[in-house]
Amino acid sequence: MDSLSNLQARRIALAAQGFTDRAHSEPSMKTLERTLARTGVLQVDSVNVLQRAHFMPLYSRMGAYDVDLLRRASQRKPRRMVEYWAHVQAFMPVDLWPVMQHRMDRYRGERGKWGFTADPLLEPRILAAVRDHGPVTARDLDEEFSGPRVKEHWGWNWSDARRVLDFLFLSGSVAIAGRTNQFEVLYDVPERVLPAAVLALPTPTKAEADVELVRRAARSHGLGSVKCFADYYRMPVADTKAAVDTLVEAGELSAVQVQGWRRPAFLHTDAKLPRRVGARALLSPFDPVVWERDRAEALFDFFYRIEIYVPAEKRIHGYYVLPFLLGDAIVARVDLKADRATGRLLVKGAYAEERAPAETAEELAAELIRLAGWLGLTQIVVEPRGELASALAAAAAAAGWRG
């Protein structure tokens with residue numbers, strides 16, 4: 001069995017995620033397609049304190065890009081990606097639609113996944129309404145199909161139409177055609193959303209689908225444990241282990257030993273080990289590099305928890321904290337907020353990791369300046385919270401950015 005140092009494993013993982021790809025001065029649709037092929041999925045989240053989650057991994061790898069590229073890729077023909085429950089709610093390449101059929105069948109049998117039941121009597125009527133009038137939002141159908149709302153579950157207050165539409169989405173009877181400016185989902189029937197060639201593809205067996213998902217997870221990770229691969233597309237560990245065994249037997253994965261890892265690791269046959277990684281990027285809390293927290297700690301010695309749902313007085317680092325990747329290491333974290341009304345990028349807190357190099361503040365300031373420009377913000381304000389804040393404020397001011 002081959003052995004890898006933690007540094008080698010880290011570089012392999014970052015290369016697999018696209019952090020060694022050649023940068024383009026003006027990222028194009030081809031750049032986006034290349035990046036999506038690296039990440040495999042783009043997690044969708046409604047939090048917009050800085051920028052919505054699905055835009056950020058593209059920015060971290062491509063640099064400043066026109067966000068309309070993502071809208072075109074997900075809403076215009078030829079449609080390149082579509083939303084589904086692939087990791088959690090996420091954009092995925094359209095060719096994964098038939099691979100997800102077994103997941104759709106499972107949700108159909110389980111009657112959804114949220115612990116409440118959609119009214120089966122409404123299903124055919126709402127599906128017919130979507131077919132006749134789509135794309136539509138749940139609100140478009142509420143007047144006809146929804147009764148009074150009853151709050152039965154923490155965080156949820158969905159109308160009857162919304163519940164049925166979500167069930168139809170999970171079970172594959174409807175697809176997401178896009179979102180409104182208010183981030184509401186637009187539902188339509190799959191034949192008007194997915195390319196005909198994709199809908200014509202045969203459905204793989206369950207075992208074949210599992211192998212394909214683990215193959216893609218391993219390619220996106222470069223290397224990882226069974227748990228790493230299982231988390232990527234939120235698969236049961238037993239199914240993932242069986243697929244890993246199949247890929248090992250086929251020669252697509254090989255067992256490796258990674259320094260400091262407690263779990264067995266597997267290396268994808270196409271994984272590259274670069275001599276260096278010259279990255280400088282802020283990572284969304286929902287970036288594939290850090291979304292499996294145990295993996296992030298094993299690779300980067302970086303303990304990370306998102307604190308959005310933690311009461312303010314109990315937060316350690318802040319509400320929306322982004323890790324800062326410099327080279328092949330995570331060297332800092334910053335709590336950021338885009339104050340769009342005043343055109344300011346607010347740094348609510350800035351914290352250096354234990355082994356942060358001397359140039360961390362200057363490099364982070366340069367990255368914040370680039371981020372502010374991409375977001376259309378004209379000022380950077382560094383609040384005095386965190387041991388890196390003073391040096392970061394000085395570096396931003398030296399570059400001509402001051403609050």
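**Close-up views of a predicted model**

**View 1. An open sheet of five strands in the predicted model.** Five strands, in the order S10-S11-S12-S13-S14, form an open sheet in which the pairing is mixed; like the other views, this one shows a predicted model. Strand S10 (279-282) and strand S14 (379-382) stand at the edges with a single partner strand each, so one side of each has no neighbour in the sheet. From one strand to the next, the twist averages 30°. Helix H15 packs on this sheet, where it touches S10, S11, strand S12 (329-339), strand S13 (344-352) and S14, and the direction of H15 makes about 60° with that of S10.

**View 2. The pairing of S10 with S11.** Strands of a sheet pair through backbone hydrogen bonds, and they may do so in a parallel or an antiparallel way. Here S10 and strand S11 (residues 321-327) pair in the antiparallel sense, over four bridges.

View 3. Just after H15 comes Gly376, which takes a positive phi of about 75°.

View 4. Three strands form an open sheet in the order S2-S4-S3, and their pairing is antiparallel. The edge strands are S2 and strand S3 (81-85), each of which pairs on one side only. Between S3 and strand S4 (residues 89-93) the antiparallel pairing runs over five bridges, and Met81 stands opposite Pro93 in S4. Helix H8 (residues 160-170) lies across S3 and S4, and H8 runs at about 110° to S3.

**View 5. His54 and the residues around it.** His54 is found in the loop between strand S2 (42-43) and helix H3 (56-62). Is His54 buried or exposed? Its relative accessibility is 5%, and because a residue under 20% is classed as buried, His54 counts as buried. When its neighbours within four places in sequence are left aside, His54 is in contact with Leu42, Gln43, Val44 and Asp45, and also with Leu70, Phe91 and Phe183.

Conventions:
Residues are numbered from 1 along each chain as its sequence is written. This is a predicted model: local features need pLDDT of at least 70, side-chain atom pairs count only at pLDDT 80 or more; totals for chains, interfaces and linings use all residues. Side-chain values use heavy atoms; hydrogens and water are left out. Helices (H or I, at least four residues) and strands (E, at least two) are DSSP runs, numbered from the N terminus. Buried means under 20% relative accessible area, exposed over 50%, partly exposed in between (1.4 Å probe, protein chains only). Contact means heavy atoms within 4.5 Å. Two strands pair if DSSP finds at least two bridges between them. Axes are lines fitted to C-alpha atoms, for helices over the stretch in contact, and angles run from 0 to 180 degrees between N-to-C directions.
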